[in-house]
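Please have the model open as you read.

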Amino acid sequence: MNLHEFQGKELFAQYGLPVSNSKVIYEAEDALKACRDIGGTKWVVKAQVHAGGRGKAGGVELVDTPEDAISFSKKWLGKRLVTYQTDEKGQLVNSILIEECTDIAEELYLSAVVDRDTQRVVFIGSSEGGVNIEEVAKNSPEKIIYEPIDPLCGAQGFQARKIAKVLKLNNEQTKQFTSMLKNLMKLFIEKDLSLLEINPLVITSGGLLHCLDAKINIDSNALYRQPEIAEMHDPSQEDSRESEAAKNDLSYVSLDGNIGCMVNGAGLAMGTMDTIKYFGGNPANFLDVGGTATQERVSKAFKIILDDPDVKVVLVNIFGGIVRCDLIAEGVLAAIEEVGVELPVVVRLEGNNADLGSEILSKANIKIESINNLGDAAKKAVELAK
Amino acid sequence: MSILVNKDTRVIVQGFTGSQATLHSEQAIDYGTNIVGGITPGKGGQTHLGKPVFDTMDEAIKSVQPNASLIFVPAPFCKDSILEAAESGIELIVCITEGVPTLDMLDVKKRVDELGLSLIGPNCPGLITPGEAKLGIMPASIHMKGSIGIISRSGTLTYEAVKQTTDLGFGQSSCVGIGGDPIPGSSFIDILELFENDPQTEAIVMVGEIGGTAEENAAEYIKNNVSKPVISYIAGQTAPAGKRMGHAGAIISGGKGTAADKISKLKECGVHVADNLTEIGSTVAKVINK
């Protein structure tokens, strides 16, 4: 689960990390009071969306008057911000972060992520912040440090000093950084993060380290023990069909083709999409109905798939493991009737009692193509979608 | 021969009396798996599915001498259960449960490695040696004793590979679902090594998917250490790159992890890659009958 920048900075503040004095507003009129409360004569206004690249897309501005902060807020609240990290529809802006202005001397990069290879939380630091860090990683790898942290020992001072060298920090800053690193690691562990990124981490004109941005991703599997974080969830940042699916424990990702897919298992769902593409078609979605394809779940899945106006045919691919295919067939039939599916449906059942399942489907009075071979089923769906 | 489990493996089920554990233990017993008992704290002394229930692993070890554990406890308790099994000296731990927090697995994996044990999963279908023992949730009916070793990160894709190799008459020596989590207990490499050393296994099918670099690492290992033919399929060739949050994930993987990267690396290392999900079995046939 992703957090907004302002939520990430609230967590940073809780863990004693240096962040700017700020206010979050949801109505443009509140910008005036927010600027006055913060004080000063310059403010940074930032549209809050779950995506990077906001600055280049016009979602971050430096303003000299509270009136400019109001007009920035009016311009963005309720609109969608498109950046190079979003899709073409962009992300809805429903809050604006207003911050005091920071004088920047240097821009650095710091992040932490669970690394599958070392099986550790790894901190990544670079003296080249605020720019496209992926380019730096590719072209000048020597400017980037990777420091894995032992899960049982935690972050140590020597590791902070090692990273500080690469960030080219002075002695005072190194001391400040040592405490920051330990706090960031504590935050990472205590709040079940899967990713944390500060880009840029800056050195102010006063010579102090300061977190100008905060990107935080939480391990969704751990939300049961993070009730405060779970409250921060903002469904407006997700595709509406994707959140509807998630509510029903279905995993759905919308794509731009016209063949709706309903599959059990994420791997098989991807494999089914690949097979459709292999035979010249285009999948409209990824949808994993999970291990137990009951009538209720299949009905919900049909509703979500059919909500996409581009869908011309639905391909159901279920590998009946423990669940018997004849029961799945009955569930599919009942779901089609309940939802009132009018589009052609191609069903491939495999596994436990597959023959019995196909027999039930072919006897039904509804337009269903029951094909047990996956390749043939995919070919048929592609043909029907044309 | 086979890998990891056979008819003599003495299996203890953790979370034994829960509904999923009950369903799958019953099927495992029907299949001939030697389940010697189960653990559910607070229910020690009872009998479930005709087997003794214990409060602790310690009691189970003293009473029924298990050497493998099959875990069905809910995700919040998996760290505790895996460590209980690990500290008591169980050699093989199979955790089926989905949704275990990643940071729990970081701690668990470190301890399991220190103790030199095998952990399969979590978030996996488990493993099976056809005709001998089933420690997992896979449908028994599609398996057949034979010569192909199967390793996969995905449940239903494993079944697809199993079905295709059964239909063509090859059958399987053992099938291992290592699970799709970021920090799996065992990697492709751990299982490849076991299949390479198993005389019953003539060829290995490795089913991978996008994300991470496990397949790339396995490809490199195969090139240097595996003499048996390896057939692979990678799912997710058409999956979109997806919305991203920051750069850290991309930097750490160095831009690797796409299906195209994995396929070209596997081919470069001498692995036979099936173009399509429906061609896993036929690719095995081509390689073996050459």
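In chain A, the axes of helix 5 (residues 157–166) and helix 6 (residues 171–190) come within 9 Å and cross at roughly 125°. That angle makes helix 5 of chain A oblique to helix 6 of chain A; angles under 35 degrees count as roughly parallel, over 145 as roughly antiparallel, 65 to 115 as roughly perpendicular and the rest as oblique. This is a predicted model, where local features need pLDDT of at least 70, side-chain atom pairs count only at pLDDT 80 or more, and totals for chains, interfaces and linings use all residues. Residues are numbered from 1 along each chain as its sequence is written, chains are lettered from A and ligands numbered from 1 in the order in which they are written, and side-chain values use heavy atoms, leaving out hydrogens and water.

**Helices 5 and 6 of chain A**
- From helix 5 of chain A, A:Gly157, A:Gln159, A:Ala160, A:Arg161, A:Ile163 and A:Ala164 meet A:Thr174, A:Phe177, A:Thr178, A:Leu181 and A:Lys182 of helix 6 of chain A (contact means heavy atoms within 4.5 Å).
- The residues of this contact between helix 5 and helix 6 of chain A divide into 5 nonpolar, 4 polar and 2 charged (Ala, Val, Leu, Ile, Met, Phe, Trp, Tyr, Cys and Pro count as nonpolar, Asp, Glu, Lys and Arg as charged, and the others, Gly among them, as polar).

**Helices 11 and 12 of chain A**
- Helix 11 (residues 325–339) and helix 12 (residues 354–363) of chain A pack at about 25°, with axes 7 Å apart, and are therefore roughly parallel to each other.
- On helix 11 of chain A the contact is made by A:Cys325, A:Asp326, A:Ala329, A:Glu330 and A:Leu333, and on helix 12 of chain A by A:Ala354, A:Leu356, A:Gly357, A:Ile360 and A:Leu361.
- By class, the contact of helix 11 with helix 12 of chain A has 7 nonpolar, 1 polar and 2 charged residues.

**Helix 10 and chain A overall**
- Helix 10 of chain A has 12 residues (295–306) that should span 16 Å at 1.5 Å a residue, and its end C-alpha atoms are 16 Å apart, which agrees (the expected span is 1.5 Å times one less than the number of residues).
- Its buried residues in chain A are A:Arg297, A:Val298, A:Ser299, A:Ala301, A:Phe302, A:Ile304 and A:Ile305 (buried means under 20% relative accessible area, exposed over 50%, partly exposed in between, with a 1.4 Å probe and protein chains only).
- Chain A has 13 helices and 18 strands (DSSP runs numbered from the N terminus, helices being H or I of at least four residues and strands E of at least two).
- Buried residues make up 56% of the 386 residues in chain A.

Technical notes
Axes are lines fitted to C-alpha atoms, for helices over the stretch in contact, and angles run from 0 to 180 degrees between N-to-C directions.
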